[in-house]
Amino acid sequence: MKGSRISTGLALVLALVATSLWWSYGCGYTGSARTQSEAAARSAGPPQQLSPEGQESLRTVIKGGNLSDLRWPDFSDYQKHTQKFYESYGYSLPWVRGMEPTAQAQQVIALLLQAEQKGLAAEDYDGPRWSDRLAKLKPAAPQPSEADAVRFDVALTVCLMRYISDLHVGKVNPKHFDFGLDIKTKKYDLPEFLKENVVDASDVVGVVAKVEPPYPGYRRTIQALHGYLEFAKEYDGSSFPAIQKAIAPGDSYQGVPQLTRLLRLVGDLPANASVPADATVYQDPLVDAVKRFQGRHGRVQDGKITTQTLADLNVPLTSRVQQMQLTLERWRWLPIGLHAAPIVANIPEFRLRAYDENYNIALSMNVVVGKAYDHDTPVFSDTMQYVVFRPYWSVPYSIAKNEFLPRIARDPDYLTKKGFEVVNSRQEVVTSGAVTGDVLAQLRAGKLFIRQLPGPKNSLGLAKFIFPNSFNVYMHDSPEQAFFAKSRRDFSHGCIRLERPADLAVWVLRDDPRWNMDRVRAAMNGNPNQQVNLAHPIPVFIVYGTVIVTEDGVVHFYDDIYGHDAALEKVLAKGYPYPG
């Protein structure tokens with residue numbers, strides 16, 4: 001999906017809409033002023049009635065689910081919605097009164113023209129086409145045709161339905177990507193929504209604003225988008241001079257002036273920082289600015305201009321805008337109206353946050369996620385129901401087959417040496433010693449199973465957090481603490497490893513004051529496989545956002561480690577209708 005700027009054509013449309021509003025609310029064409037109340041009264045009047053021929057024309061367009069006037073003519077996915085909407089008006093035109101666009105129609109058009117400010121594209125909602133349509137109706141045209149009024153009204157209905165749906169649930173159904181997120185329950189009855197909330201609204205902008213996600217992180221991303229849209233206009237984006245080796249503090253580098261411009265623009269270099277215009281030596285305050293830049297892009301903050309840092313600097317700001325647009329799409333997939341504070345793990349960021357009921361961060365920590373290319377952590381939502389202290393690890397068959405069975409075949413005592421045992425389907429121990437040929441055959445057949453004994457060396461560490469799901473993914477402790485200090489942390493088989501599991505345990509069990517840190521620590525070192533059910537299940541979201549705007553307004557960008565951004569971009573580029 002490409003970001004669009006308000007071009008000269010769009011500016012003209014905005015001017016026409018403004019002029020139309022002025023005619024409606026300010027100077028009349030007969031010399032007498034029309035007041036806003038008169039305009040409202042006109043809009044509150046009956047919808048534009050059509051002749052039998054006009055009604056038949058309207059029915060034909062709706063039945064076909066196609067309008068050639070539209071940028072994306074095929075509206076078959078909205079055909080039933082459109083039919084229901086016009087049936088409720090007896091096949092009259094709710095956006096036209098007296099062969100003139102209503103005040104609400106004009107407000108809708110103004111909104112559609114500013115779609116870029118929401119991470120969408122005005123072009124998708126017919127941005128350049130509205131000027132011609134408005135010119136064919138009153139007051140611009142003294143004798144508008146019924147056919148033009150019909151096409152205007154249908155175009156506005158379809159574009160507004162698309163816009164509201166795109167803002168509320170996103171353009172593409174996440175199920176298309178095999179993500180475990182369900183948007184069906186939050187979809188509006190669009191015909192009813194438009195009729196009850198928009199057609200006769202006094203404040204269309206206020207109504208539409210309420211359809212967006214309520215999350216502070218979403219709103220911060222919208223604000224950051226506005227800044228980067230302007231940055232992209234100000235910065236030419238030419239490539240930095242190539243380097244043969246890393247540029248260290250004190251080295252000469254011809255790209256220093258350009259580096260100064262970019263880092264000052266995006267806020268990594270303070271506005272009052274003094275850097276001579278003709279400087280060629282890479283030194284403070286630029287070094288500190290580069291460290292901030294590196295940190296915002298998920299890199300080691302060493303202050304050196306490496307090939308990776310240079311590659312990040314060379315990413316066009318228009319591409320960063322696009323990253324924000326893709327992230328906003330994913331924000332819109334999330335449910336609203338949660339009745340419990342959620343836990344959210346963001347895969348590309350390698351970060352987990354627990355929120356309170358007002359979406360303020362209560363807990364945050366680093367995580368390790370699934371390896372790119374072969375063990376991706378899935379994107380989905382579910383509900384955490386219990387915690388297990390000192391858990392066993394039941395080795396998945398795929399891991400057992402690929403990693404354990406060949407080693408057992410070479411050394412029958414392999415499991416004993418590594419702290420594993422063989423169990424049956426009832427979790428009864430078959431052997432904790434040498435694996436015989438018969439037992440190995442049953443392991444290969446999937447009739448017996450391998451599990452790791454509880455303890456500090458257990459792959460799940462000393463606690464696991466269960467939110468039952470079809471992906472068999474959960475969160476857990478890990479004995480391999482060194483991974484949490486790495487800047488890129490995709491090392492697991494798909495589950496999520498926690499940097500501070502004891503802190504999360506205290507938080508998820510906070511409804512029971514007996515579960516303080518001391519008791520959690522004792523349980524992590526106590527009896528094996530102790531299960532503690534949560535008094536109130538907790539929503540869990542495993543999400544994928546390559547842009548995060550933190551509470552301080554700092555914009556962070558992360559690598560598209562699983563290629564989900566690229567896949568979403570490819571689908572969005574095809575235009576409507578999108579996979580539903």
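A: Two strands pair if DSSP finds at least two bridges between them; helices (H or I, at least four residues) and strands (E, at least two) are DSSP runs, numbered from the N terminus. The structure is a predicted model, in which local features need pLDDT of at least 70 and side-chain atom pairs count only at pLDDT 80 or more, while totals for chains, interfaces and linings use all residues. Residues are numbered from 1 along each chain as its sequence is written, and side-chain values use heavy atoms, leaving out hydrogens and water.

Q: Over how many bridges do strand β6 and β11 pair, and in which sense?
A: Strands of a sheet pair through backbone hydrogen bonds. Strand β6, residues 380-389, pairs with β11 over four bridges in the antiparallel sense. Opposite Ala463 of β11 stands Phe389. Strand β12, residues 475-476, is joined to β11 by two bridges, and these two strands run antiparallel. There, Met475 in β12 is the bridge partner of Phe465.

Q: In what order do the four strands of the open sheet stand?
A: The order is β7-β10-β8-β9, with antiparallel pairing. At the edges stand β7 (393-394) and β9 (429-431); each has a single partner strand, so one side of each lacks a neighbour in the sheet. Strand β8 (residues 420-423) and strand β10 (residues 449-452) pair over four bridges. Within this pair, Phe449 in β10 is the bridge partner of Val423. Helix α15 (residues 397-410) packs on the sheet and touches β7, β8 and β10 (contact means heavy atoms within 4.5 Å). The direction of α15 makes about 90 degrees with that of β10 (angles run from 0 to 180 degrees between N-to-C directions).

Q: At what angle do the axes of helix α4 and helix α8 cross?
A: The axes of α4 (residues 79-87) and α8 (residues 190-198) cross at roughly 40 degrees and come within 8 Å. In α4, His81, Lys84 and Phe85 meet Leu190, Pro191, Leu194 and Lys195 of α8.

Q: Where is Gly455 found?
A: Gly455 lies in the loop between β10 and β11. Gly455 counts as buried because its relative accessibility is 4%. Not counting residues up to four places away in sequence, Gly455 touches Arg390, Gly461 and Leu462. The C-alpha atoms of Gly455 and Pro528 are separated by 8.1 Å, although these residues are 73 residues apart along the chain.

Notes:
Buried < 20%, exposed > 50% of the residue type's maximum accessible area, 1.4 Å probe, protein only.
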